[in-house]
Amino acid sequence: NNGIIFKAIPDGYPVIGEHIELVTREIDIENFPLADGDILVKNQYLSLDPYMRGRMRNPQIKSYVKSYEIGKALEGHVPKSYFIGLLGMPGFTAYIGLNKIGKPKEGETIFISAASGAVGQVVGQIAKIKGLRVIGSAGSDSKIKYLDELNFDGAFNYKTRNIDEELTKLCPNGIDIYFDNVGGETLDIVLSHLNDNARVVACGMISRYNDNNPHVFKNLMYIVTKRILIQGFIVLDHYQEVDSFQKEMREWLKQDKIKYKEDIVEGIQNAPEAFLNLLTGKNFGKVIVKIC
Ligand code: NDP
């Protein structure tokens, strides 16, 4: 039986073999000791998510989720694939962040970074359902093509285009909601394109997770002059609403209003590399490990 073990706390990007490692252990499934009330489950899918990088930290640093323990297996979620993607944590993150903090209104303009990812692609499609003008950025031309297929009103590759120029062109009336998955330079530039009373949904800052050099912000004063609301959230705090989310999302799925791109990796032995690919943008859609 294969498992992925957390070996040491990384300083920048985790290195396979040094910080995370695949190990094989013999487990006698037939005679596995079960106490009263225990159940034995066979994992089919393993979810890889950016927050797992945050758990690879010094345990003395407090956060909303506990750190991984050195020498123990990396934990993840394991139901059928949509329940770890569209109908699971990432889809729910999109729904909660957009509705509770973004408070979208028909006719408004939303900009989404990492827009083709597990969370971003759902944000954009819900925003379209709600009648917003939807603009996204992503890190490759094939990801941009996918955003076109999702009927985004505009999208650009932030690695080959100038973010400021693209936003000027694609959001001539400014931005009302910024769904921020990346933080750093993109957030800084977006601040100068926001309208008065705009909302910034601070979902994640993946551009900073493996980079210890601080970003020096130039546009923070706009928060005051444009009366901008910037609010973070943690999806775990909202699970009392997961049933109503799944009900609404299932309805959209039935009506063909939502698509979901998964990036399925075969075999747990490929999970460490897939995790690094997620942190460097080589994934395309929700990363799921199919445990063979
Ligand atoms: P994605 O599927 O979007 O994968 C991560 C993507 O981030 C990559 O594909 C890449 O896309 C982009 N990226 C990676 N490195 C950088 C970088 N240096 N600069 C800019 N973009 C980068 O992941 P998720 O949808 O699962 O997560 C998106 C964000 O949401 C993350 O910040 C995550 O931490 C956060 N999150 C927050 C939750 C909450 O409760 N607040 C819950 C779940 C997720 P590209 O090629 O487009 O650059």
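Domain bounds were taken from an automatic or database domain assignment. On this basis the protein divides into domain 1 (2–84 + 262–290) and domain 2 (89–237). The structure is a predicted model: local features need pLDDT of at least 70, side-chain atom pairs count only at pLDDT 80 or more, and totals for chains, interfaces and linings use all residues. Residues are numbered from 1 along each chain as its sequence is written. The mean pLDDT (the predictor's confidence in each residue, from 0 to 100) is 93 for the protein, and 99% of its residues reach 70 or more. The model scores ipTM 0.98 and pTM 0.88.

The centres of domain 1 and domain 2, taken over C-alpha atoms, are 28 Å apart. Domain 1 gives 12 residues to the contact and domain 2 gives 14; contact requires C-beta atoms, placed from the backbone, within 7 Å. The side of domain 1 that touches domain 2 has 6 nonpolar, 4 polar and 2 charged residues. In these classes, Ala, Val, Leu, Ile, Met, Phe, Trp, Tyr, Cys and Pro count as nonpolar, Asp, Glu, Lys and Arg as charged, and the others, Gly among them, as polar.

Helices (H or I, at least four residues) and strands (E, at least two) are DSSP runs, numbered from the N terminus. Strands pair if DSSP finds at least two bridges between them. Strands β4 (residues 109–112) and β7 (residues 175–180) are parallel and share 3 bridges. Here I110 stands opposite I177 of β7.

A second open sheet has 3 strands, ordered β3-β11-β10, with mixed pairing. Strands β3 (45–47) and β10 (262–266) are at the edges with a single partner strand each, so one side of each is left without a neighbour in the sheet. Strand β3 runs antiparallel to β11 (residues 286–290), joined by 3 bridges.

The ligand is surrounded by 28 residues (C-beta atom, placed from the backbone, within 6 Å), the closest being G117, G139, G204, S207 and G281. This shell comprises 14 nonpolar, 11 polar and 3 charged residues. Both domain 1 and domain 2 give residues to the shell, so the ligand lies between them.

Terms used:
Contact = placed C-beta atoms within 7 Å.
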